[in-house]
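This report describes one protein model, from its overall build to single residues. Please view the structure alongside the text.

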Amino acid sequence: MPDLLRLPHHDGSPTYVESEAPRLGETVTLRMRSHPDDPIQDVWLRTTYDAEPVFLRLARTCGDDHTVWWSGDLLVHNPVTHYRFLLVRPDGTQLWLTGSGLVDIDVPDAGDFKLSSHAPAPDWARDGVVYQIFPDRFARSTTADDRPTPPWAVPARWDDTVVFELDDPRTAVQLYGGDLDGIVEHLDHLERVGADIVYTTPVFPAESNHRYNATTFVEVDPLLGGDAAYERLSTAVHERGWRILGDLTTNHTGDTHEWFTSAQADPESATRSFYYFGEDGSYADWMGFATLPKINHGDPDLRAAMVEGPGSVVGRWLQPPYDVDGWRIDVANMTGRLGALDVAHEVARAVRRTSESLREDPFVIGEHNHDASGDVDGDGWHATMNYSGFSWPVWSWLRSEDTPARAFGRPVQVARRTGPAVVETFRTWQGVLGWRATTSSWNLVGSHDSARIRTLVGGDPALHRVAAGLQFTMPGVPMLFAGDELGLEGVVGEDSRRPMPWGDEASWDTATMTAYAELARVRRSRAALRRGGQRWAHVDDDTIAFVREHADGSVLVVARRAASPSFSLPLNLGDHLLGTEPGAPLVEMTDRASSVIPASDGPRLDVWALSDDL
């Protein structure tokens, strides 16, 4: 296997890019590294100004015994400037180094490195730990008992089995009665786990337990405690120095929404143009669900009501007394898109502009479960829920052969793949998303829409902890779905929405909860795990090792999905910072600049500090 740490390398981290958020027209110094034993004769920086290729020759400077630096200045001529490196060896060999990796053929520009002049995601959103809450299933306050069950709902006791098959009419209406004050009462639990960003799924009134089919956007569901309870939750979150994110569906409303009922009843209604009605009264909806009529963002009046300005739905909840710090946008990939109409970027920009006009440092993230690469490198969504670039590769590496978990977004289970294939997937997605969007996007191994990671790995707690370790150590922001830390299971999204077992602590997987807390602590204490670059160090079928490098100190991460042998790395390891399983592996130093990582008898993830600068 080639020595991965000797390969030419560049990424968007501070080690390689002078400024991650330059102004348009600014010149930025870029650096690329190679190894002294690699006979590279010349390195050219290729950029595309106004879509025309331009080549700039880089200067070579010696670093130390294991590094040669190549540097040059790049003019940020376009709002998003793309670039790659052309490497030339004396024997005539030519290689391209792109954001997706090193290749010896000409490849499209989609995987090029990207330098965006648009403002980046706020620091709190990039440095934090996100905790997702599905309000109906998280916790009930004592006042919840005083609220009558609405006619549409099927009441459930907290320990009842979740109904989850989509062909069962009870699935969307089984109501457990969790509320917002229940969340407030359990914020200490979130602190114990290490979270500091609270993200709840929708809180608007709706005739379902998931509330993605809102009946209005101007109030909080009384079943959750109403507006006053949302204010109490926001206040409690902010008093801890944390942040809170709302969840808004900009693609559709419910069919009982006040806009839609008016539009359907009267063709002359002011809200008729908010939707896509046919002459026969039919209307466009989300994925064939008639209860979710699709919003028409081609209509200026709808955009004004939904996303533009302080009086819009987006603006209303960012202001006192609710003070939401930003939005997770549901179905962001389809918002503003229907057939020939595509105003998705305009909608994203409007949400961003409105948010920035009302809050100093808001964060807006779009839901995608496939390719978000065209939607996150500009002035719209800061980032994406990174299913394709993180979740699916992790699932394919760790999933059990006989897991009952069902795939999310495809008709068959994700393929089970080896370490090299998984790393290649990581590289590809980092390239097309871009470094900045990747590091701001959410690393998730499951959500309210997917199977639980514990079920996917066949109930193996050690494999579950490896997945959690990758969430906290790979570039990106860790997001856990409430209950992951306890070892909750679920074969599909609706089944994953099981109530938190507050009354049954004996069922909690406390070892996994401790692992999450330790991962959060180490990530918070190490700039390399939040802002550092990433270099792959060792990959085989069952092992993935990488370095996160930063001027404030670098770390080595070694993840194993099974028992695996020892291997050597040209690194000087320092303190063992974390292990997801008991015991600190004893590293053998063969000399000052080389270490032997010991064999492992099963799945685990370990993090070491590096003693020397790379």
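How many helices and strands does the secondary structure of the protein come to? The count is 17 helices and 31 strands, where helices (H or I, at least four residues) and strands (E, at least two) are DSSP runs numbered from the N terminus. The model is predicted: local features need pLDDT of at least 70, side-chain atom pairs count only at pLDDT 80 or more, and totals for chains, interfaces and linings use all residues. Residues are numbered from 1 along each chain as its sequence is written, and side-chain values use heavy atoms, with hydrogens and water left out.

## Overall build

The C-alpha trace spans about 75 × 60 × 45 Å along its principal axes. The radius of gyration of the protein is 25 Å, which agrees with the value near 25 Å for a compact globule of 614 residues. This radius is taken over C-alpha atoms, and the globule rule is 2.2 Å times the number of residues to the power 0.38.

Of the 614 residues, 61% count as buried. Buried means under 20% relative accessible area, exposed means over 50%, and partly exposed lies in between (1.4 Å probe, protein chains only). The accessible surface comes to about 23,100 Å², and carbon and sulfur atoms hold 50% of it; the areas come from the Shrake-Rupley method with a 1.4 Å probe, and for residues only the protein chains shown count as cover.

Contact means heavy atoms within 4.5 Å. Among contacts between residues at least 6 apart in sequence, 69% join residues at least 24 apart.

The protein has 55 positive and 91 negative charges, and their mean positions are 3 Å apart. Lys and Arg count as positive and Asp and Glu as negative, while His and the chain ends are not counted. The place of a charge is NZ of Lys, CZ of Arg, CG of Asp or CD of Glu.

## Nonpolar cores

In soluble globular proteins, nonpolar side chains tend to be buried together. A nonpolar core is here a set of buried Ala, Val, Leu, Ile, Met, Phe, Trp, Tyr and Cys residues joined through side-chain atoms within 4.5 Å. Which residues have the most contacts inside the largest nonpolar core? They are F138, Y230 and W442, in a core of 126 residues. Helix α10 (residues 387-398) gives the most to this core, with seven residues. Another core, of 22 residues, lies apart from it; L30, V43, V68 and F85 are among its members.

Leaving aside neighbours within four places in sequence, F138 is in contact with residues including Y131, W158, H186, M500 and W502.

## Loop residues and backbone features

| Residue | Loop between | Relative accessible area |
|---|---|---|
| N209 | β13 (197-200) and α5 (226-239) | 3% |
| V331 | β17 and β18 (337-338) | 6% |
| P501 | α15 (493-496) and α16 (510-525) | 17% |
| N572 | β27 (567-569) and β28 (573-579) | 17% |
| M287 | β15 (285-286) and β16 (289-293) | 58% |

Is M287 buried or exposed? M287 counts as exposed because its relative accessibility is 58%. V331 is buried, at 6%. M287 has a positive phi of about 55° although it is not a glycine, and V331, likewise not a glycine, has a positive phi of about 50°.

A cis peptide bond joins P320 and P321, with omega at about 5°. P321 is placed in the loop between α8 (313-316) and β17 (326-330).

## Contacts of single residues

The contacts below leave aside neighbours within four places in sequence.

N209 is in contact with F134, D136, R137, W152, T171, A172, V173, Q174 and L175.

P501 is in contact with L486, L488, S507 and W508. P501 and L488 are 13 residues apart in sequence and 9.1 Å apart in space, C-alpha to C-alpha.

N572 is in contact with M589, R592, S595, L610, S611 and D612.

A517 lies in helix α16 and is partly exposed, with a relative accessible area of 21%. A517 touches R192 and V193. The C-alpha atoms of A517 and L190 are separated by 9.6 Å, although the two residues are 327 apart along the chain.
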